[in-house]
Amino acid sequence: MNHEIMKKKKKKNDNGEEQQFEFCEVCKLNHNQGRRHIYFPAHKSSLSALLTRLQSKLSDVKPFLKTPMLLPAEHAQQNRLWCVFCNRDVIELDTPFACGKAIEHLASGEHYKRVKGFLWKHGGGTHRADSFRVVEGDFKKWEKKCKAMKTEAAKAEAVGASNNIHNELNADYLNSFHENNTNSLDFNITNGVVVPLQSYTNEKVQVSCSVPYSASEAGSTSYDMRGRMQMVDAQCLKNSTGFMDNHLSSSSHVDYLSNGSQVQPGVKVFHGDSRSLNSMNLQKISYSSKEAIGGNVHTGATPPWFNSAEENEIMQKPELSNFVNSKAGKSSKLNPKRVGAAWAERRKLELELERRGEVITKDYDANWLPNFGGVWQSGTRRKSRKEFQVENKKSLEFDSQSESFVPLQPYISKRMRRDKSE
Amino acid sequence: MEYLLPTLREKREVDSLIRDTIDKVLVLRFGLSSDSVCLQLDDVLYKSAKDVSRFATVALVDVDSPEIQVYLKYFDITFVPSTIFFFNAHHMKMDSGSADHTKWIGTFQKKQDFVDVVEAIYRGAMKGKLIVSCPLPPERIPKFELLYKNV
(Lines give C-alpha, C1' and ligand atoms only; values in the text may rest on other atoms or scores of the structure.)
Protein backbone atom coordinates (compact mmCIF):
# COMPACT_ATOMS: atom_id res chain seq x y z
CA MET A 1 0.00 0.00 0.00
CA ASN A 2 2.86 2.31 0.79
CA HIS A 3 4.42 1.68 -2.58
CA GLU A 4 1.23 2.73 -4.31
CA ILE A 5 1.09 5.93 -2.38
CA MET A 6 4.67 6.69 -3.21
CA LYS A 7 4.12 6.00 -6.89
CA LYS A 8 1.17 8.34 -6.95
CA LYS A 9 3.20 11.06 -5.34
CA LYS A 10 5.93 10.57 -7.87
CA LYS A 11 3.54 10.80 -10.76
CA LYS A 12 2.11 14.03 -9.47
CA ASN A 13 5.42 15.75 -9.24
CA ASP A 14 8.63 14.38 -10.60
CA ASN A 15 10.66 17.07 -8.96
CA GLY A 16 10.60 16.78 -5.16
CA GLU A 17 11.28 20.43 -4.78
CA GLU A 18 7.91 21.43 -6.06
CA GLN A 19 6.27 20.23 -2.88
CA GLN A 20 5.59 22.57 0.00
CA PHE A 21 7.89 22.83 2.95
CA GLU A 22 6.61 21.11 6.03
CA PHE A 23 7.89 20.99 9.55
CA CYS A 24 8.63 17.57 10.99
CA GLU A 25 8.12 17.73 14.76
CA VAL A 26 10.15 14.62 15.38
CA CYS A 27 13.28 15.75 13.59
CA LYS A 28 12.54 19.41 14.27
CA LEU A 29 13.37 20.53 10.80
CA ASN A 30 11.66 21.81 7.71
CA HIS A 31 11.69 19.60 4.66
CA ASN A 32 10.07 19.47 1.29
CA GLN A 33 10.20 15.73 0.84
CA GLY A 34 6.56 15.23 1.66
CA ARG A 35 5.65 11.72 2.67
CA ARG A 36 9.05 10.40 1.71
CA HIS A 37 10.58 12.02 4.73
CA ILE A 38 9.33 9.48 7.21
CA TYR A 39 11.26 6.66 5.59
CA PHE A 40 14.61 8.39 5.75
CA PRO A 41 16.98 6.84 8.30
CA ALA A 42 17.53 10.12 10.14
CA HIS A 43 13.86 10.50 10.76
CA LYS A 44 13.51 6.89 11.79
CA SER A 45 16.27 7.17 14.35
CA SER A 46 14.92 10.38 15.88
CA LEU A 47 11.45 8.89 15.99
CA SER A 48 12.66 5.77 17.75
CA ALA A 49 14.58 7.92 20.25
CA LEU A 50 11.47 9.95 20.95
CA LEU A 51 9.28 6.92 21.38
CA THR A 52 11.70 5.12 23.68
CA ARG A 53 11.93 8.17 25.88
CA LEU A 54 8.17 8.34 26.05
CA GLN A 55 7.95 4.63 26.78
CA SER A 56 10.27 4.97 29.74
CA LYS A 57 8.06 7.70 31.19
CA LEU A 58 4.97 5.63 30.60
CA SER A 59 6.55 2.63 32.26
CA ASP A 60 6.89 4.74 35.38
CA VAL A 61 3.20 5.42 35.25
CA LYS A 62 2.09 1.87 34.46
CA PRO A 63 2.74 0.39 37.93
CA PHE A 64 0.38 2.98 39.40
CA LEU A 65 -2.25 1.64 37.09
CA LYS A 66 -2.00 -1.72 38.76
CA THR A 67 -1.79 -0.42 42.31
CA PRO A 68 -3.29 2.98 42.89
CA MET A 69 -1.52 4.97 45.57
CA LEU A 70 -2.53 8.01 47.46
CA LEU A 71 -0.44 11.07 46.87
CA PRO A 72 -0.41 14.26 48.92
CA ALA A 73 -0.98 17.53 47.17
CA GLU A 74 2.53 18.95 47.65
CA HIS A 75 4.18 16.10 45.84
CA ALA A 76 1.62 16.04 43.10
CA GLN A 77 2.84 19.43 41.93
CA GLN A 78 6.16 17.94 41.01
CA ASN A 79 4.72 15.24 38.81
CA ARG A 80 3.77 16.07 35.32
CA LEU A 81 3.82 14.22 32.08
CA TRP A 82 4.33 15.78 28.69
CA CYS A 83 2.17 13.99 26.20
CA VAL A 84 3.98 14.11 22.88
CA PHE A 85 0.94 13.16 20.87
CA CYS A 86 -1.37 15.78 22.28
CA ASN A 87 1.40 18.37 22.77
CA ARG A 88 0.36 19.22 26.25
CA ASP A 89 1.37 18.82 29.84
CA VAL A 90 -0.66 16.59 32.06
CA ILE A 91 -0.42 18.05 35.53
CA GLU A 92 -1.60 16.22 38.59
CA LEU A 93 -4.34 18.50 39.83
CA ASP A 94 -7.44 17.57 41.78
CA THR A 95 -6.60 13.97 42.07
CA PRO A 96 -5.65 12.22 45.27
CA PHE A 97 -4.03 9.34 43.44
CA ALA A 98 -0.54 9.18 42.07
CA CYS A 99 -0.48 9.76 38.31
CA GLY A 100 -4.24 9.96 38.39
CA LYS A 101 -4.54 12.61 35.74
CA ALA A 102 -1.92 10.95 33.60
CA ILE A 103 -3.78 7.67 33.62
CA GLU A 104 -7.05 9.38 32.84
CA HIS A 105 -5.46 11.20 29.96
CA LEU A 106 -3.85 8.10 28.57
CA ALA A 107 -7.16 6.29 28.70
CA SER A 108 -9.14 9.01 26.98
CA GLY A 109 -10.46 8.57 23.47
CA GLU A 110 -9.00 11.82 22.20
CA HIS A 111 -5.54 10.76 23.20
CA TYR A 112 -5.97 7.44 21.43
CA LYS A 113 -7.00 9.18 18.24
CA ARG A 114 -4.03 11.48 18.42
CA VAL A 115 -1.69 8.58 19.04
CA LYS A 116 -2.92 6.84 15.94
CA GLY A 117 -2.67 10.03 13.91
CA PHE A 118 0.84 10.68 15.09
CA LEU A 119 2.03 7.21 14.31
CA TRP A 120 0.48 7.37 10.87
CA LYS A 121 2.00 10.74 10.16
CA HIS A 122 5.46 9.83 11.33
CA GLY A 123 5.49 6.22 10.36
CA GLY A 124 5.87 4.62 13.76
CA GLY A 125 3.61 1.73 13.07
CA THR A 126 -0.04 2.16 13.97
CA HIS A 127 -0.14 -1.28 15.52
CA ARG A 128 1.95 0.11 18.35
CA ALA A 129 -0.71 2.58 19.33
CA ASP A 130 -1.84 0.44 22.22
CA SER A 131 1.50 0.64 23.93
CA PHE A 132 1.08 4.37 24.30
CA ARG A 133 -2.30 4.36 25.85
CA VAL A 134 -4.27 2.79 28.63
CA VAL A 135 -6.75 0.21 27.43
CA GLU A 136 -10.31 0.68 28.60
CA GLY A 137 -10.41 -2.54 30.54
CA ASP A 138 -7.35 -1.63 32.55
CA PHE A 139 -8.65 1.81 33.14
CA LYS A 140 -11.89 0.52 34.57
CA LYS A 141 -10.04 -1.81 36.88
CA TRP A 142 -7.93 1.09 38.07
CA GLU A 143 -10.99 3.18 38.73
CA LYS A 144 -12.54 0.42 40.77
CA LYS A 145 -9.42 0.11 42.87
CA CYS A 146 -9.40 3.84 43.45
CA LYS A 147 -12.95 3.78 44.63
CA ALA A 148 -12.17 0.95 46.96
CA MET A 149 -9.29 2.87 48.43
CA LYS A 150 -11.43 5.90 48.93
CA THR A 151 -14.11 4.03 50.82
CA GLU A 152 -11.54 2.39 53.03
CA ALA A 153 -9.93 5.70 53.81
CA ALA A 154 -13.31 7.12 54.66
CA LYS A 155 -13.89 4.26 57.04
CA ALA A 156 -10.50 4.76 58.58
CA GLU A 157 -11.22 8.39 59.33
CA ALA A 158 -14.22 7.47 61.37
CA VAL A 159 -12.14 5.37 63.75
CA GLY A 160 -10.06 7.38 66.20
CA ALA A 161 -6.74 6.35 67.61
CA SER A 162 -4.39 7.79 70.18
CA ASN A 163 -1.32 9.60 68.92
CA ASN A 164 1.25 7.62 70.84
CA ILE A 165 0.14 4.28 69.51
CA HIS A 166 0.03 5.66 66.00
CA ASN A 167 3.55 6.95 66.17
CA GLU A 168 4.86 3.72 67.52
CA LEU A 169 3.23 1.94 64.64
CA ASN A 170 4.80 4.38 62.22
CA ALA A 171 8.25 3.98 63.65
CA ASP A 172 7.91 0.25 63.59
CA TYR A 173 6.83 0.12 60.01
CA LEU A 174 9.54 2.54 58.99
CA ASN A 175 12.11 0.20 60.41
CA SER A 176 10.59 -2.86 58.84
CA PHE A 177 10.18 -1.05 55.54
CA HIS A 178 13.86 -0.40 55.38
CA GLU A 179 14.69 -4.01 56.07
CA ASN A 180 12.30 -5.19 53.40
CA ASN A 181 13.60 -2.86 50.81
CA THR A 182 17.30 -3.46 50.81
CA ASN A 183 16.76 -5.92 48.00
CA SER A 184 14.49 -3.84 45.87
CA LEU A 185 16.64 -0.82 45.21
CA ASP A 186 16.44 -1.29 41.46
CA PHE A 187 13.41 0.90 41.15
CA ASN A 188 15.11 4.21 41.26
CA ILE A 189 13.78 7.49 40.06
CA THR A 190 14.91 8.26 36.56
CA ASN A 191 12.91 11.15 35.25
CA GLY A 192 11.66 12.68 38.41
CA VAL A 193 8.34 10.97 37.86
CA VAL A 194 6.83 9.41 40.92
CA VAL A 195 8.39 6.02 41.57
CA PRO A 196 6.05 3.33 42.79
CA LEU A 197 6.61 1.54 46.03
CA GLN A 198 6.83 -2.16 45.50
CA SER A 199 5.68 -3.92 48.57
CA TYR A 200 2.01 -4.50 49.06
CA THR A 201 2.66 -4.92 52.74
CA ASN A 202 3.33 -1.24 53.11
CA GLU A 203 0.09 -0.30 51.53
CA LYS A 204 -1.88 -2.51 53.84
CA VAL A 205 -0.08 -1.23 56.85
CA GLN A 206 -0.74 2.34 55.81
CA VAL A 207 -4.39 1.79 55.21
CA SER A 208 -4.92 -0.19 58.33
CA CYS A 209 -3.14 2.39 60.42
CA SER A 210 -6.52 3.96 61.01
CA VAL A 211 -5.38 7.44 61.75
CA PRO A 212 -7.04 10.67 60.61
CA TYR A 213 -4.03 11.85 58.69
CA SER A 214 -3.04 8.46 57.41
CA ALA A 215 -3.37 9.55 53.81
CA SER A 216 -1.03 12.48 53.99
CA GLU A 217 1.31 10.83 56.45
CA ALA A 218 1.62 7.72 54.30
CA GLY A 219 2.30 9.79 51.24
CA SER A 220 4.92 11.90 52.89
CA THR A 221 6.70 9.02 54.54
CA SER A 222 6.70 7.06 51.32
CA TYR A 223 8.26 10.03 49.59
CA ASP A 224 10.71 10.27 52.42
CA MET A 225 11.64 6.62 52.20
CA ARG A 226 12.07 6.84 48.49
CA GLY A 227 14.41 9.72 49.01
CA ARG A 228 16.28 7.73 51.63
CA MET A 229 16.72 4.82 49.24
CA GLN A 230 18.40 7.17 46.86
CA MET A 231 20.61 8.45 49.60
CA VAL A 232 21.71 5.02 50.65
CA ASP A 233 22.68 4.46 47.06
CA ALA A 234 24.54 7.68 46.63
CA GLN A 235 25.98 7.68 50.11
CA CYS A 236 25.15 11.30 50.67
CA LEU A 237 25.09 11.58 54.35
CA LYS A 238 24.14 14.32 56.65
CA ASN A 239 23.26 17.08 54.30
CA SER A 240 20.63 15.23 52.38
CA THR A 241 19.15 13.58 55.40
CA GLY A 242 19.05 16.96 57.03
CA PHE A 243 17.16 18.27 54.05
CA MET A 244 14.79 15.33 54.07
CA ASP A 245 14.18 15.88 57.76
CA ASN A 246 13.29 19.47 57.11
CA HIS A 247 11.13 18.53 54.20
CA LEU A 248 9.35 15.84 56.12
CA SER A 249 8.92 18.02 59.13
CA SER A 250 7.53 20.86 57.08
CA SER A 251 5.13 18.70 55.14
CA SER A 252 3.99 16.73 58.12
CA HIS A 253 3.78 19.85 60.20
CA VAL A 254 1.54 21.45 57.63
CA ASP A 255 -0.63 18.38 57.58
CA TYR A 256 -0.93 18.34 61.33
CA LEU A 257 -1.77 21.97 61.52
CA SER A 258 -4.27 21.76 58.75
CA ASN A 259 -6.02 18.89 60.40
CA GLY A 260 -6.23 20.86 63.55
CA SER A 261 -4.60 18.18 65.65
CA GLN A 262 -2.16 18.84 68.42
CA VAL A 263 1.40 19.97 68.01
CA GLN A 264 2.71 17.03 69.91
CA PRO A 265 2.31 14.56 67.07
CA GLY A 266 4.72 16.63 65.03
CA VAL A 267 7.33 16.34 67.69
CA LYS A 268 6.79 12.64 68.00
CA VAL A 269 7.38 12.07 64.33
CA PHE A 270 10.83 13.56 64.67
CA HIS A 271 11.63 10.87 67.16
CA GLY A 272 10.46 8.31 64.71
CA ASP A 273 12.78 9.80 62.16
CA SER A 274 15.84 9.74 64.32
CA ARG A 275 15.18 6.19 65.30
CA SER A 276 14.91 5.15 61.72
CA LEU A 277 18.06 7.08 60.86
CA ASN A 278 20.02 5.20 63.45
CA SER A 279 18.68 1.94 62.21
CA MET A 280 19.95 2.65 58.69
CA ASN A 281 23.47 1.63 57.93
CA LEU A 282 24.94 5.03 57.17
CA GLN A 283 28.65 5.41 56.98
CA LYS A 284 30.05 7.52 59.72
CA ILE A 285 33.11 9.58 59.17
CA SER A 286 35.00 9.87 62.41
CA TYR A 287 37.03 13.06 62.38
CA SER A 288 40.13 13.40 64.42
CA SER A 289 40.23 15.66 67.42
CA LYS A 290 42.72 17.97 65.72
CA GLU A 291 40.10 19.23 63.35
CA ALA A 292 37.75 19.91 66.18
CA ILE A 293 40.31 22.07 67.92
CA GLY A 294 41.11 23.96 64.78
CA GLY A 295 37.53 25.01 64.40
CA ASN A 296 35.03 24.52 61.65
CA VAL A 297 32.45 26.37 59.67
CA HIS A 298 30.12 26.62 62.61
CA THR A 299 32.65 28.16 64.94
CA GLY A 300 33.56 30.68 62.25
CA ALA A 301 37.15 29.65 61.67
CA THR A 302 38.93 30.58 58.46
CA PRO A 303 39.09 27.92 55.78
CA PRO A 304 42.40 26.07 55.55
CA TRP A 305 43.21 27.44 52.12
CA PHE A 306 43.21 30.97 53.50
CA ASN A 307 45.56 30.09 56.31
CA SER A 308 48.38 29.10 54.00
CA ALA A 309 47.94 32.24 51.87
CA GLU A 310 48.15 34.51 54.90
CA GLU A 311 51.38 32.92 56.02
CA ASN A 312 52.93 33.55 52.63
CA GLU A 313 51.91 37.18 52.62
CA ILE A 314 53.29 37.87 56.07
CA MET A 315 56.59 36.29 55.17
CA GLN A 316 57.07 38.47 52.08
CA LYS A 317 57.82 42.13 52.26
CA PRO A 318 54.84 44.19 51.48
CA GLU A 319 56.18 45.57 48.26
CA LEU A 320 53.81 46.62 45.60
CA SER A 321 55.51 44.64 42.84
CA ASN A 322 55.10 41.41 44.78
CA PHE A 323 51.53 42.26 45.44
CA VAL A 324 50.88 42.84 41.78
CA ASN A 325 52.58 39.56 40.91
CA SER A 326 50.49 37.51 43.25
CA LYS A 327 47.32 39.15 42.05
CA ALA A 328 47.58 39.01 38.26
CA GLY A 329 46.99 35.57 36.91
CA LYS A 330 48.11 35.31 33.32
CA SER A 331 50.43 38.23 32.65
CA SER A 332 52.53 39.10 35.61
CA LYS A 333 53.02 42.63 34.31
CA LEU A 334 50.29 44.63 32.70
CA ASN A 335 51.39 46.66 29.76
CA PRO A 336 53.15 49.70 31.21
CA LYS A 337 52.19 51.65 28.14
CA ARG A 338 48.49 51.19 28.67
CA VAL A 339 46.18 54.11 29.07
CA GLY A 340 46.35 55.63 32.50
CA ALA A 341 49.07 53.27 33.71
CA ALA A 342 50.64 55.79 36.02
CA TRP A 343 47.31 56.67 37.51
CA ALA A 344 46.45 53.01 37.96
CA GLU A 345 49.69 52.25 39.76
CA ARG A 346 49.30 55.21 42.05
CA ARG A 347 45.72 54.36 42.79
CA LYS A 348 46.51 50.75 43.51
CA LEU A 349 49.13 51.84 46.01
CA GLU A 350 46.65 54.11 47.70
CA LEU A 351 43.98 51.44 47.86
CA GLU A 352 46.45 48.91 49.15
CA LEU A 353 47.55 51.24 51.90
CA GLU A 354 43.99 52.00 52.80
CA ARG A 355 43.19 48.32 52.92
CA ARG A 356 46.04 47.63 55.28
CA GLY A 357 44.73 50.15 57.70
CA GLU A 358 46.93 53.16 57.06
CA VAL A 359 43.96 55.19 56.16
CA ILE A 360 45.05 57.90 53.81
CA THR A 361 41.72 59.41 53.07
CA LYS A 362 42.65 61.81 50.41
CA ASP A 363 39.64 63.95 50.29
CA TYR A 364 39.41 64.70 46.67
CA ASP A 365 38.25 68.08 45.65
CA ALA A 366 34.54 68.19 45.11
CA ASN A 367 35.29 69.89 41.87
CA TRP A 368 37.52 67.12 40.63
CA LEU A 369 36.83 66.31 37.05
CA PRO A 370 38.12 63.33 35.15
CA ASN A 371 40.34 63.66 32.16
CA PHE A 372 38.06 64.27 29.23
CA GLY A 373 38.70 65.11 25.64
CA GLY A 374 36.05 67.53 24.50
CA VAL A 375 34.11 67.18 21.30
CA TRP A 376 35.25 70.40 19.71
CA GLN A 377 38.56 70.37 21.40
CA SER A 378 41.86 71.50 20.10
CA GLY A 379 44.85 71.02 22.32
CA THR A 380 45.55 68.69 25.14
CA ARG A 381 43.00 67.24 27.45
CA ARG A 382 44.37 69.06 30.40
CA LYS A 383 43.71 72.20 28.51
CA SER A 384 40.12 71.21 27.93
CA ARG A 385 39.64 70.55 31.62
CA LYS A 386 41.16 73.87 32.55
CA GLU A 387 39.11 75.66 30.00
CA PHE A 388 35.99 74.10 31.36
CA GLN A 389 36.89 74.99 34.90
CA VAL A 390 37.66 78.50 33.88
CA GLU A 391 34.35 78.76 32.09
CA ASN A 392 32.62 77.32 35.09
CA LYS A 393 34.18 79.82 37.39
CA LYS A 394 33.27 82.65 35.13
CA SER A 395 29.68 81.56 34.99
CA LEU A 396 29.62 81.20 38.77
CA GLU A 397 31.09 84.64 39.23
CA PHE A 398 28.63 86.05 36.84
CA ASP A 399 25.79 84.50 38.74
CA SER A 400 27.00 85.82 42.05
CA GLN A 401 27.63 89.23 40.67
CA SER A 402 24.23 89.54 39.19
CA GLU A 403 22.72 89.06 42.61
CA SER A 404 24.56 92.08 43.97
CA PHE A 405 23.40 94.26 41.16
CA VAL A 406 21.21 97.10 42.06
CA PRO A 407 17.68 96.31 41.16
CA LEU A 408 16.70 97.90 37.92
CA GLN A 409 14.75 101.05 38.17
CA PRO A 410 13.06 103.12 35.55
CA TYR A 411 15.00 106.15 34.41
CA ILE A 412 13.95 109.36 36.04
CA SER A 413 15.25 112.46 34.31
CA LYS A 414 17.07 115.21 36.17
CA ARG A 415 14.26 117.61 35.58
CA MET A 416 11.74 115.33 37.18
CA ARG A 417 14.00 114.70 40.12
CA ARG A 418 14.52 118.37 40.53
CA ASP A 419 10.83 118.94 40.37
CA LYS A 420 10.20 116.32 42.99
CA SER A 421 12.73 117.59 45.40
CA GLU A 422 11.44 121.16 45.15
CA MET B 1 16.35 49.67 35.73
CA GLU B 2 17.87 51.21 38.80
CA TYR B 3 17.60 48.06 40.77
CA LEU B 4 19.54 46.00 38.29
CA LEU B 5 22.63 48.08 37.61
CA PRO B 6 24.26 50.52 40.01
CA THR B 7 22.68 53.91 39.49
CA LEU B 8 24.59 57.01 40.50
CA ARG B 9 23.00 60.28 41.37
CA GLU B 10 25.73 62.17 43.16
CA LYS B 11 28.89 63.59 41.76
CA ARG B 12 31.08 62.05 44.43
CA GLU B 13 29.67 58.62 43.64
CA VAL B 14 30.56 59.06 40.01
CA ASP B 15 33.97 60.38 40.94
CA SER B 16 34.76 57.53 43.27
CA LEU B 17 33.66 55.00 40.71
CA ILE B 18 35.82 56.59 38.04
CA ARG B 19 38.79 56.67 40.38
CA ASP B 20 38.39 53.19 41.74
CA THR B 21 37.87 51.27 38.54
CA ILE B 22 41.41 50.23 37.83
CA ASP B 23 42.51 48.39 34.70
CA LYS B 24 38.95 47.88 33.65
CA VAL B 25 36.80 49.78 31.22
CA LEU B 26 34.16 51.86 32.98
CA VAL B 27 30.96 52.24 31.01
CA LEU B 28 28.84 55.14 32.22
CA ARG B 29 25.41 55.49 30.75
CA PHE B 30 23.96 58.97 31.10
CA GLY B 31 20.25 58.81 30.69
CA LEU B 32 16.77 58.82 32.13
CA SER B 33 14.92 55.85 33.42
CA SER B 34 11.79 57.11 31.76
CA ASP B 35 13.05 57.25 28.22
CA SER B 36 12.29 54.27 26.02
CA VAL B 37 15.61 54.27 24.20
CA CYS B 38 17.38 54.47 27.53
CA LEU B 39 15.43 51.53 28.79
CA GLN B 40 16.37 49.48 25.81
CA LEU B 41 19.99 50.37 26.26
CA ASP B 42 19.75 49.55 29.95
CA ASP B 43 18.36 46.17 29.07
CA VAL B 44 21.27 45.46 26.76
CA LEU B 45 23.72 46.68 29.39
CA TYR B 46 22.21 44.63 32.14
CA LYS B 47 22.20 41.47 30.13
CA SER B 48 25.79 41.83 29.01
CA ALA B 49 27.17 43.27 32.23
CA LYS B 50 28.09 39.88 33.54
CA ASP B 51 29.73 38.77 30.32
CA VAL B 52 32.10 41.70 30.26
CA SER B 53 32.55 41.83 34.02
CA ARG B 54 36.14 40.68 33.84
CA PHE B 55 37.27 43.67 31.90
CA ALA B 56 34.50 46.21 32.26
CA THR B 57 32.21 47.75 34.84
CA VAL B 58 28.84 49.16 33.91
CA ALA B 59 27.01 51.89 35.78
CA LEU B 60 24.08 54.18 35.10
CA VAL B 61 24.02 57.90 35.81
CA ASP B 62 20.75 59.69 36.22
CA VAL B 63 20.73 62.80 34.12
CA ASP B 64 17.99 64.49 36.12
CA SER B 65 19.97 64.68 39.29
CA PRO B 66 21.13 68.24 40.17
CA GLU B 67 24.68 67.26 41.06
CA ILE B 68 25.23 65.60 37.74
CA GLN B 69 24.51 68.73 35.72
CA VAL B 70 28.14 69.80 35.88
CA TYR B 71 29.06 66.57 34.21
CA LEU B 72 26.50 67.14 31.52
CA LYS B 73 28.19 70.40 30.72
CA TYR B 74 31.67 68.97 30.96
CA PHE B 75 30.95 65.98 28.81
CA ASP B 76 28.75 68.01 26.52
CA ILE B 77 25.80 65.69 26.80
CA THR B 78 22.74 66.79 24.90
CA PHE B 79 21.27 63.54 23.63
CA VAL B 80 20.09 60.83 25.89
CA PRO B 81 21.21 58.09 26.31
CA SER B 82 24.88 58.87 26.06
CA THR B 83 27.49 56.35 27.04
CA ILE B 84 31.00 57.41 27.98
CA PHE B 85 33.91 55.05 28.37
CA PHE B 86 36.71 55.46 30.88
CA PHE B 87 39.84 53.49 31.46
CA ASN B 88 41.93 54.18 34.56
CA ALA B 89 40.20 57.52 34.99
CA HIS B 90 41.09 58.48 31.47
CA HIS B 91 38.40 59.09 28.95
CA MET B 92 38.41 56.83 25.89
CA LYS B 93 37.22 58.06 22.55
CA MET B 94 35.76 55.94 19.81
CA ASP B 95 35.48 56.86 16.17
CA SER B 96 32.19 55.41 15.05
CA GLY B 97 31.81 57.40 11.90
CA SER B 98 29.80 60.17 13.48
CA ALA B 99 31.02 63.62 14.38
CA ASP B 100 31.18 62.98 18.09
CA HIS B 101 33.95 60.64 19.09
CA THR B 102 33.75 61.28 22.77
CA LYS B 103 30.68 59.28 23.56
CA TRP B 104 28.31 56.71 22.24
CA ILE B 105 24.89 58.12 21.59
CA GLY B 106 21.89 55.87 21.36
CA THR B 107 21.44 52.22 22.04
CA PHE B 108 22.95 49.02 20.73
CA GLN B 109 21.03 46.77 18.42
CA LYS B 110 22.38 43.60 19.92
CA LYS B 111 24.17 42.59 23.08
CA GLN B 112 27.03 41.38 20.95
CA ASP B 113 27.46 44.86 19.51
CA PHE B 114 27.94 46.26 22.97
CA VAL B 115 30.41 43.54 23.88
CA ASP B 116 32.35 44.20 20.68
CA VAL B 117 32.54 47.91 21.40
CA VAL B 118 33.74 47.38 24.95
CA GLU B 119 36.28 44.87 23.77
CA ALA B 120 37.62 47.28 21.17
CA ILE B 121 37.97 49.94 23.82
CA TYR B 122 39.74 47.56 26.17
CA ARG B 123 42.17 46.40 23.55
CA GLY B 124 42.98 49.96 22.53
CA ALA B 125 43.41 51.05 26.11
CA MET B 126 45.73 48.19 26.90
CA LYS B 127 47.88 49.19 23.98
CA GLY B 128 47.95 52.77 25.13
CA LYS B 129 45.58 54.31 22.63
CA LEU B 130 43.19 56.99 23.71
CA ILE B 131 41.02 56.70 20.63
CA VAL B 132 39.87 53.53 18.95
CA SER B 133 37.81 52.83 15.87
CA CYS B 134 34.42 51.25 16.11
CA PRO B 135 34.20 47.58 15.15
CA LEU B 136 30.56 47.77 14.13
CA PRO B 137 29.39 48.22 10.56
CA PRO B 138 27.77 51.61 9.94
CA GLU B 139 24.26 50.25 9.63
CA ARG B 140 24.30 49.18 13.25
CA ILE B 141 25.44 52.51 14.59
CA PRO B 142 22.64 54.85 15.63
CA LYS B 143 22.65 58.08 13.72
CA PHE B 144 22.00 61.52 15.11
CA GLU B 145 22.47 65.13 14.20
CA LEU B 146 25.12 67.00 16.14
CA LEU B 147 24.51 70.66 16.75
CA TYR B 148 27.35 72.98 17.48
CA LYS B 149 26.16 75.77 19.70
CA ASN B 150 22.67 75.29 18.39
CA VAL B 151 23.62 75.92 14.81
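Colleague: What makes the largest nonpolar core a core, and which residues have the most contacts inside it?

Modeller: A nonpolar core is a set of buried Ala, Val, Leu, Ile, Met, Phe, Trp, Tyr and Cys residues joined through side-chain atoms within 4.5 Å. Buried means under 20% relative accessible area, with a 1.4 Å probe and protein chains only. The largest such set has 36 residues. Those with the most contacts inside it are A:Phe85, A:Ile103, A:Phe118, A:Leu119, A:Phe132 and A:Trp142. α2(A) gives the most to this core, eight residues.

Colleague: On what model does this rest?

Modeller: A predicted one: local features need pLDDT of at least 70, side-chain atom pairs count only at pLDDT 80 or more, and totals for chains, interfaces and linings use all residues. Side-chain values use heavy atoms, without hydrogens and water.

Colleague: Why is the pair B:Asp20 and A:Arg347 called a salt bridge?

Modeller: The rule asks for a side-chain nitrogen of Lys or Arg within 4 Å of a carboxyl oxygen of Asp or Glu. Here N to O is 2.3 Å, so the pair qualifies. The count between chain B and chain A is three salt bridges.

Colleague: How do you know how much area is buried between chain B and chain A?

Modeller: Buried area is the accessible area (1.4 Å probe) that two parts lose on being put together, summed over both. That gives about 2800 Å², with 64% from carbon and sulfur atoms. In chain B, B:Arg19, B:Ile22 and B:Tyr74 lose the most area to chain A, together 27% of what that side buries.

How values were computed:
Residues are numbered from 1 along each chain as its sequence is written. Chains are lettered from A and ligands numbered from 1 in the order in which they are written. Buried means under 20% relative accessible area, exposed over 50%, partly exposed in between (1.4 Å probe, protein chains only). Helices (H or I, at least four residues) and strands (E, at least two) are DSSP runs, numbered from the N terminus.
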